[in-house]
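My entries follow in the order I made them.

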Amino acid sequence: MAEQALRDFLSEAEIEALYRPAGEALGLPGRAYGEDFYRLEQRELFPRLWCVAGFSSDIPELGDMMPVELAGWPLVLVRGEDGEVRAFHNICRHRAMRVVPAPCRGHSALVCPWHSWTYDLRGKLVATPKLGGERSGTAAGFDKSGLDLRPVAVGCWLDFVFVNIDGKAPPFEEHIEPLADLLASHDLSQLERGDSWALEYPGNWKVSVEGAVEDYHLPWGHPQIIQGARQNNPRLDYASRCFMSNSSRREYARESDAGAVMALEAGLPSIPFAGEASERRTHFIGVFPNGALQVMANHLMQGIFAPDGAENTKLSFHQYYMAGVATDPAYLAARAKLVEEWILVFEQDIPFVQNVHQNYKVRDRAGIDCRFSPYWEANVLAFQQSVVEALQGG
């Protein structure tokens with residue numbers, strides 16, 4: 001059977017409707033959230049883009065290795081002897097065993113657990129034990145050249161490790177520049193990784209991301225976040241196929257309300273900010289396609305929305321604080337409260353993701369289109385447009 005292309009899922013009229021102004025646009029049809037469309041994304045979207053695959057702090061020392069999976073693509077991240085982060089397809093060139101099945105530390109080589117084919121930290125095949133017999137690692141007529149691990153392009157920014165599987169994306173520095181510019185007023189150089197947590201969403205990865213890049217649902221989905229706020233002063237920023245950010249600068253009716261809103265803005269040292277304090281904003285950013293970045297006054301969160309098939313998404317988050325905060329017992333209670341509050345926020349979204357995902361399966365048959373709030377949801381529209389653009393290969 002021939003492989004399906006974007007035109008098999010979206011008509012020209014549907015693509016045109018997606019590019020109308022936000023208040024008039026019609027969103028992606030429900031079939032764009034199913035198994036067949038996910039297979040198209042695995043083949044034509046994730047390999048083409050700079051995608052978040054892991055965290056450099058997971059491999060802090062030379063010889064550390066972390067197996068990761070990007071929408072079904074098995075990869076391994078490696079800290080080389082030169083300190084550089086590299087990525088390879090986690091597929092042995094012998095008979096396709098995963099070379100690194102679990103995280104490991106301080107190794108001098110990657111050794112396949114099945115037949116011990118051995119690769120150095122740059123992916124070069126250096127040994128094939130017993131290949132030609134009991135005492136011979138060579139065999140007549142067997143050419144080892146060209147059998148190194150297959151490399152994958154890597155880019156690092158903050159603690160994110162980005163990969164580009166097909167190697168054809170624009171240079172990483174060019175790709176990440178719009179997002180770096182958005183946060184240029186924040187000095188993030190002094191941050192250290194602290195707490196980590198994870199959960200799962202019972203829905204397609206796109207449903208999961210779309211809920212994270214809009215604040216429209218906060219009054220009903222997360223009322224604790226905006227408790228006492230009389231004005232949110234929201235702003236939307238986005239760069240196609242790079243990021244979608246919704247930010248706020250909340251004003252409160254009473255000074256006491258500002259200190260009572262969750263634990264997210266209290267109890268920890270602030271991140272240096274070069275602008276006017278009154279202009280500081282809280283950013284919730286979708287790092288297209290699958291990354292997440294929250295920038296608060298006193299901490300930063302980096303996360304991955306990892307597709308786990310077409311109908312489930314695995315979320316992993318790390319929290320970052322000013323130097324020393326992650327290990328100082330004086331901040332233990334404040335950090336614990338912060339983790340508790342963030343987990344609550346993401347757990348509150350679980351029924352939304354689950355119900356929306358289930359309705360995507362039937363709404364096409366019911367003839368029900370997806371619409372957007374022009375005030376709150378232009379970023380969701382930009383996300384969907386970026387998905388289409390990536391699949392078009394433009």
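How many cavities of 30 Å³ or more does the count come to? I got 2 cavities of 30 Å³ or more. The rule I used works on a 1 Å grid over the protein atoms alone: a cavity is a set of points where a 1.4 Å probe fits but cannot get out, and lining residues have an atom within 4 Å of a point. Grid points are joined across faces, edges and corners, and a volume is the space filled by probe spheres set on the points.

Two notes on the source. This is a predicted model, in which local features need pLDDT of at least 70 and side-chain atom pairs count only at pLDDT 80 or more, while totals for chains, interfaces and linings use all residues. Residues are numbered from 1 along each chain as its sequence is written, and side-chain values use heavy atoms, with hydrogens and water left out.

I looked up the largest cavity and found a volume of about 150 Å³. It is lined by 16 residues, and Ala212, Leu218, Phe284, Val345 and Asp349 lie nearest its centre. Helices α4 and α7 are the elements that give two or more residues to this lining, and α7 gives the most, with 3 residues. I took helices (H or I, at least four residues) and strands (E, at least two) as DSSP runs, numbered from the N terminus. The second largest cavity holds about 40 Å³ of space. Among the residues that line the second largest cavity are Glu214, Arg235, Ser247 and Trp376. Strands β12 (235-239) and β13 (243-248) each give two or more residues to that lining.

Pocket. A pocket is an open set of points with protein on both sides within 12 Å along at least five of seven lines. The largest pocket has about 550 Å³ of space. I counted 23 lining residues, with Glu210, Glu214, Val356, Tyr360 and Glu377 nearest the centre of the pocket. Helix α8 gives the most to this lining, with 6 residues.

Helix α8. Which residues of α8 are buried? They are Val353, His357 and Tyr360, where buried means under 20% relative accessible area, exposed over 50% and partly exposed in between (1.4 Å probe, protein chains only). The three cover an arc of only 60 degrees around the axis, which puts them on the same side of α8. The arc is that of the directions from the helix axis to the C-beta atoms. The buried residues of α8 pack against β10 (191-201), α4 and α9 (363-366), with contact meaning heavy atoms within 4.5 Å.

Helix α2. In α2 (residues 35-44) I listed Phe37, Tyr38, Leu40 and Glu41 as buried. They fall within an arc of 155 degrees seen down the axis, so they line one face of the helix.

Cores. I defined a nonpolar core as a set of buried Ala, Val, Leu, Ile, Met, Phe, Trp, Tyr and Cys residues joined through side-chain atoms within 4.5 Å. The largest has 100 residues, and Phe37 and Phe346 are among those that touch the most other members. Its largest share, 9 residues, comes from α10. A second, separate core of 16 residues includes Cys92 and Tyr119.

Last check. Alanine 333 is found in helix α7 (residues 332-348) and counts as exposed, at 62% relative accessibility.
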